[in-house]
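The sequence and the structure are shown first.

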Amino acid sequence: MTEGGSIRVNQDAPDFTATAVLDKEFKTIKLSDYRGQYVILFFYSLDFTFVCPTEIIAFSDRYEEFKKLNTEILAVSVDSEFSHLAWLETDRKSGGLGNIKYPLISDLKKEICTAYNVLDPETGIALRGLFIIDKDGIIQHATINNLAFGRNVDETLRTLQAIQYVQSHPDAVCPVGWQPGDKTMTPDPVKSKEFFAAVKSS
C-alpha cells in the first residue's frame with residue numbers, strides 16, 4: 001500500500017484485500033479485481049452513527065444509475081464485518097441500513113484508511129473521503145469532508161460522468177457545472193473562444 005499522506009489524483013489507487021459484507025454474507029474484496037470498471041470508493045466514520053446511514057442508503061438507492069455507467073460502489077469504515085452485518089440487519093426506522101446493494105468493507109486494522117490518507121489521528125476513525133477510480137485503477141477524483149456533514153450523490157454522479165466523457169473525448173474538457181448534453185470546450189487558445197463566445201451570447 002501507498003504510505004498515508006502521499007495519495008493524490010492521477011496516481012494508482014492503493015490496492016487492498018479486505019473482508020466485506022454483501023447480501024448479508026461475508027466476502028473477500030480486492031480492489032484490483034474491479035479493473036475494467038470505475039469504482040466509487042468512499043469512507044465513513046462508524047456504523048450505528050447519524051450522518052453515515054443517510055449517505056450509505058442514498059448511494060444504494062441510486063446504485064443502478066452507477067451500474068449503468070460501468071461503476072461499482074465500495075464503502076469502508078474501521079468497524080468489523082460483524083458490526084457491518086448487525087447494522088445491515090437493523091431496520092432503517094431504527095437507524096439501521098436494511099438491504100444495501102454494494103459491499104461494506106471492514107478496515108479494522110485501519111490499513112485502507114491510512115493508505116488513502118483519510119484516517120483522523122485524533123479519533124482513530126475515517127473522515128468522509130471519496131475517491132473516483134477509473135477502469136485502469138487510476139484515481140481521477142478525491143474529496144474529503146469532515147465528520148459533521150455528508151456528501152452529495154448527485155455531484156458524485158455528475159463528476160463520474162464528466163470523467164467518463166473526457167476520457168472518451170480526449171480533445172474536450174468540461175466547464176463548470178457540466179452535465180451530460182451540455183457544451184464542452186476544446187483546450188486550445190483559439191478553439192476555446194467558440195465556447196466562450198456562445199456562453200456570452202446566451
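The text below treats the chain as a whole, then its paired strands, and finally a set of selected residues.

## The chain as a whole

The structure is a predicted model. It contains six helices and seven strands, and their order along the sequence is β-β-β-α-α-β-α-β-α-β-β-α-α. The radius of gyration is 18 Å, close to the 17 Å that the globule rule gives for 202 residues, so the chain is as compact as a globular protein of that length. Along the principal axes, the C-alpha atoms fill a box of roughly 60 × 40 × 30 Å.

Of the 202 residues, 47% count as buried. Among contacts with a separation of 6 or more, 64% are made by residues 24 or more positions apart. The chain exposes about 10500 Å², of which carbon and sulfur atoms supply 51%. As for charge, there are 21 positive and 28 negative side chains, and the centres of these two sets lie 5 Å apart.

Strand S3 covers residues 38–43, and six of its six residues are buried. The cover extends to both faces of S3: Tyr38, Ile40 and Phe42 are buried on one side, and Val39, Leu41 and Phe43 on the other.

S3 is paired with two other strands, S4 and S6. With strand S4 (residues 71–77), S3 runs parallel, and Tyr38 has Thr71 of S4 as its bridge partner. With strand S6 (residues 128–133), S3 runs antiparallel, and Val39 stands opposite Ile133 of S6. S6 in turn runs antiparallel to strand S7 (residues 139–145), where His141 stands opposite Ile132.

| Strand pair | Direction | Bridges |
|---|---|---|
| S3 and S4 | parallel | six bridges |
| S3 and S6 | antiparallel | four bridges |
| S6 and S7 | antiparallel | six bridges |

S6 and S7 form a hairpin with five residues between them. In the turn of this hairpin, Gly137 has a positive phi of about 80°.

## Helix H3 and Trp87

Helix H3 (residues 81–88) is mostly covered, with six of its eight residues buried. These buried residues are Glu81, Ser83, His84, Leu85, Trp87 and Leu88. The elements that cover them include strand S1 (17–22), strand S2 (25–30), helix H1 (51–61), S4 and strand S5 (104–106).

Leaving aside residues up to four places away in sequence, Trp87 touches Tyr44, Leu46, Asp47, Phe48, Thr49, Cys52, Pro53, Ile56, Gly95, Gly96, Leu97 and Gly98. The C-alpha atoms of Trp87 and His169 are separated by 42 Å, and these residues are 82 positions apart along the chain.

## Leu97

One of the residues that Trp87 touches is Leu97, which lies in the loop between H3 and S5. Leu97 is buried, with a relative accessible area of 0%. With residues up to four places away in sequence not counted, its contacts are Pro53, Ile56, Ile57, Trp87, Leu88, Thr90, Arg92 and Leu104. Pro53 and Ile56 are among the residues touched by Leu97, and they are also among those touched by Trp87. Leu97 and Thr49 are 48 residues apart in sequence, and their C-alpha atoms are 11 Å apart in space.

## Two residues with a positive phi

Most residues other than glycine have a negative phi. Lys24, although not a glycine, has a positive phi of about 60°. Lys24 is found in the loop between S1 and S2, and its relative accessible area of 39% makes it partly exposed.

Phe48 also has a positive phi of about 60° and is not a glycine. This residue lies in the loop between S3 and H1. Is Phe48 buried or partly exposed? With a relative accessible area of 44%, Phe48 is partly exposed.

Definitions and conventions: Residues numbered from 1 in each chain as written. Predicted model: local features only at pLDDT ≥ 70, side-chain atom pairs only at ≥ 80, totals over all residues. Heavy atoms only, no water. Rg over C-alpha atoms; globule rule 2.2 N^0.38 Å. Buried < 20%, exposed > 50% of the residue type's maximum accessible area, 1.4 Å probe, protein only. Contact = heavy atoms within 4.5 Å. Areas by Shrake-Rupley, 256 points an atom, 1.4 Å probe, with all protein chains shown as cover. Lys, Arg positive; Asp, Glu negative; His and termini not counted. Charge placed at Lys NZ, Arg CZ, Asp CG, Glu CD. Pairing = 2+ DSSP bridges.
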